[in-house]
Amino acid sequence: MNSWKTGRKILLCISGGIAAYKIPGLVRLIRKSDCEAEIIMTSSAENFVAPMTLSTLSGRRVWTDDEFDCTIPHIKLSHWADVIAVAPCTANTLAKIAHGICDNLLTSAVIAAKCPVVVFPAMNEDMYDNQAVQANIATLKARGVKVVEPDTGDLACGVSGKGRMPEPHEILHEIFRALCVHDMGGKNVLVTAGPTHEYIDPVRYISNPSSGKMGAAMARAAWYRGADVKLVAGEIHADTYGLDVVRIVSALDMLAAVKENLAWADYVVKAAAVGDYRVKEYHGHKIKREGKDTLTLELVQNPDIAAEVGRLKRPGQKLIGFAAETDNVEAHAREKLTRKNLDYILANDVTGENSGFAHDTNTLKIIPGGKVFTGLKEDIAFDVWSVLM
């Protein structure tokens, strides 16, 4: 299965800020995602990162102001691109783009753009807060340019404040979001992901090997497509940039978080591997092994969160479940679909090769419908949403 990201054309525009040192890492990630990258640098940017470095990583020539000649590269590059990202974007470059000043290759390409443009301002906090800079940002937003707020942290000038350019993987997420049609814009999506921990005593718990990657992928794909997303999760091994994460520990915690946000959600995706049981008696102190050849734990059932949501869901609200099975996969999934009042269920055999817990890949069958999705979890999630909508 080909990824929706494969072959996408990204025009990366680098202005002269210290944050340009992060760009080689971004170029690596772009290439790793099977996307194409063309790069434009201002003459000031060359003071912070060498064109040869970026050319080597991108596998292409790097365009500089010296290339601004009769070949009209700013038009060719702008029309080639599926998306343009300006990172870092200094206050000077921000002002030029906002006011249509085309005195270098970078600003000329951005002004000629017919594709989405994403701008990543990076500068000193006082500069960022300046009324002129904020007015320029407002101007760009009004024209449909996506302006990503800088992070707060240590700045190159030695102070801590708002002005840091996001990390390369975060920039790439914003680029991919800009590449997507926002066909889920205005929708609210609530996703549960990962395992729950049912504590026995302060240092031991019952759990399972879920990594949360499938649930996080469902959340990420919805966010790419313009939805507002809340992710209810415990200990997961997945990137959650851009997502509103509600952290939980136990199944009871997860139930409370889901019920608290249920009225808000248009879609509820129950991808978590929730513990079916918890200990009847929690021990407030560590259980000692001395004098005990065996240890008996009495377990009681946890609430069935998906079934509870199925009971409470309102008309028009969609509930999507997952069935991680080891045998009779489809039969068990169909039974859960009916019993829990789900709209859809995604079934998979967790004993299958490169499928199930902790893998980056998966194989899922959607019921009803019967379509089978195989590949990277992030790509499966994107395709699943096309069916669910």
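Mentor: A nonpolar core is a set of buried Ala, Val, Leu, Ile, Met, Phe, Trp, Tyr and Cys residues joined through side-chain atoms within 4.5 Å; buried means under 20% relative accessible area, exposed over 50%, partly exposed in between (1.4 Å probe, protein chains only). The model is predicted, with local features needing pLDDT of at least 70 and side-chain atom pairs pLDDT 80 or more, while totals for chains, interfaces and linings use all residues. Residues are numbered from 1 along each chain as its sequence is written, and side-chain values use heavy atoms, without hydrogens and water.

The largest nonpolar core has 69 residues; Met218 and Trp385 are among those that touch the most other members. Helix H9 gives the most to this core, 8 residues. Helices are DSSP runs of H or I, at least four residues, and strands are runs of E, at least two, numbered from the N terminus.

H9 (residues 213–224) also meets H8 (residues 168–179): their axes come within 8 Å and cross at roughly 55 degrees. Axes are lines fitted to C-alpha atoms, for helices over the stretch in contact, with angles from 0 to 180 degrees between N-to-C directions. On the H9 side, Arg220, Trp223 and Tyr224 make the contact (heavy atoms within 4.5 Å).

Tyr224 also forms an aromatic pair with Trp4, edge-to-face, at 5.6 Å centre to centre and 65 degrees between the planes. Rings of Phe, Tyr and Trp (its six-membered ring) pair if their centres lie within 6.5 Å; planes under 30 degrees apart are stacked, over 60 edge-to-face, the rest tilted. Trp4 lies before strand S1 (9–14), 220 residues from Tyr224. Trp4 is buried at 16%, and Tyr224 is buried at 4%. Ring pairs join both to Phe176, Trp223, Tyr241 and Phe382 in a cluster.
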